[in-house]
Amino acid sequence: MRFLLPWLLCVLSLLLPLACKDQESNSVQKQALTVEQKLEEGQRLMAEGFPERAVKSFREASGLQPDSTEALLLLAEAHRRSGNRGAAILALKQVSVIDPSETSFVQRQLAEVYERDGLIPQAVETLLELRDSEQLEEEDLLHLARLQARQGQPEEAFKTLERIQRERPDDPDAKVVEAEILLIKGEELLAANLMDRLLTEKPELVSARLLRARYFLNNGYPELAEQDLGLLQGEASRRPEVLALRARVLHVLGRYAEAESLLSGGVAGNPDDAELLAWLAETKLYLGRLSEAQSLVERALRQRPQFARALYVRARALEGQGNLRRAMEDYRYSLSSDPGFSPALARMWRLHRQLGDEAEALSTLERLVGLGEASLEEKVSLAEIYARQQTRQERGLKLIEEALRRDKGNARYLAIKKQLEKTAPRKKKKKRTGPVILRGGR
């Protein structure tokens, strides 16, 4: 027995650390399982449309695994969908601290958060940092160029586009963005020729087809826009952005039942697509189904709490009920989410005019024209205000001459042009500054 006891002690001394190690390993495995359960729980809640409750699950998962970037990224998305942009940004920045190699990915996510919440200047600034450090893919460069153009920075947009065009001067996607920038700059003939050439060479190019259809629609040719979109076949014709533009065309044509059928099919295939939900809500509104429209708006806002189009539809409902002041507040709320959201601007200038505030109507119309999203009639209305206020006659003449090229004998257009010419400052004759050649001299 005296010899057995030391042997037992020796064996126990070897087994005890192993037992502790097994216990520790079991604890780690149990914790990992709990984290996985919390992540799955949060993702399920997100899918069911409860991002606020998902925040709790993802936060608990992150607390159990403080070094997990996956939990933080999901937490950021849940915060964003809940409308808590500040918390989303904080969670994303924590990811960069934990894993610096994720910095460029996090910057892209931050840019997306800014853009979705309508903070376009911040999104552009974030993407520019990535561009200048050569961390943007071509798709991101094209997106940045579009954002810059829509922010009234066409020359900066061309600078971003150069990076692709230097290597591939005829890259079709870059050419589509170039055409969009030209439209925003007001160089419509160049843009139109470029779009036509692109679609002759690549009829299936969806981005070019969408751009030209929007151009036709904005310039008063919805039938041509519908014809263009009708040429898209198969999967391309079912893309959410194509369905949304087709619905917009059908609205202009007054064919709301067709739009409802089209969008209902789109929502069935994309039940969480806030854009399609908002378009369907607007269609229901036109069909007089207010309660259905409001329900769809709420669904869209659950997906994207500050979604400009959903807020815009809510404002349209208020406007239809005669509550113009409340409608104006919601239009402003929509624009605070997305300052370049043209449908809200298109309604707001009309409300300003209806409420007798011509200065605000003028300012809003100028923003709409500057975005390249004004219809022909809106350009004429802006020229008319310039004529009445006897200001910016040169710009007004350019706008009214564009309208007259489409309808030469329009009495209203001709009257506006006459008034603009009558009040326009006379141009001073330029003095000759070159050398005078003396004929017959020696």
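**Exercise 1. Find which residues of α10 are buried, and decide how they are arranged around the helix.**

Solution. The buried residues of α10 are Glu188, Ala191, Ala192, Leu194, Met195, Leu198 and Leu199. Buried means under 20% relative accessible area, exposed over 50%, and partly exposed in between (1.4 Å probe, protein chains only). Viewed down the axis of α10, these buried residues fall within an arc of 165°, so they line one face of the helix. The arc is that of the directions from the helix axis to the C-beta atoms. An α-helix has 3.6 residues a turn, so residues three or four places apart point the same way.

Next, take the other side. The face turned away from the buried side of α10 carries the exposed residues Leu189, Leu190, Thr200 and Glu201. The buried residues of α10 pack against α9 (172-185), α11 (206-218), α21 and α22. Contact means heavy atoms within 4.5 Å.

Last, check the length. Helix α10 (residues 188-201) has 14 residues and spans 20 Å from its first C-alpha to its last, close to the 20 Å expected at 1.5 Å a residue. The expected span is 1.5 Å times one less than the number of residues. Helices (H or I, at least four residues) and strands (E, at least two) are DSSP runs, numbered from the N terminus.

**Exercise 2. State what kind of model this is and where its confidence falls below 50.**

Solution. This is a predicted model: local features need pLDDT of at least 70, side-chain atom pairs count only at pLDDT 80 or more, and totals for chains, interfaces and linings use all residues. Residues are numbered from 1 along each chain as its sequence is written, and side-chain values use heavy atoms, with hydrogens and water left out.

pLDDT is the predictor's confidence in each residue, from 0 to 100. The chain has a mean pLDDT of 84, and 88% of its residues reach 70 or more. Where pLDDT is low, the predicted coordinates should not be read in detail.

**Exercise 3. Classify the ring pairs Tyr215–Phe216 and Tyr312–Phe341.**

Solution. The structure holds 4 aromatic pairs. Rings of Phe, Tyr and Trp (its six-membered ring) pair if their centres lie within 6.5 Å; planes under 30 degrees apart count as stacked, over 60 as edge-to-face and the rest as tilted.

Tyr215 and Phe216 have ring centres 6.1 Å apart and planes at 45°, so the pair is tilted. Tyr312 and Phe341 are edge-to-face, at 5.7 Å centre to centre and 75° between the planes. This pair links distant parts of the chain, 29 residues apart: Tyr312 is in helix α17, and Phe341 is in the loop between α18 (324-337) and α19 (342-354). Tyr312 is buried at 4%, and Phe341 is buried at 9%. Ring pairs join Tyr312, Tyr331 and Phe341 into a cluster.
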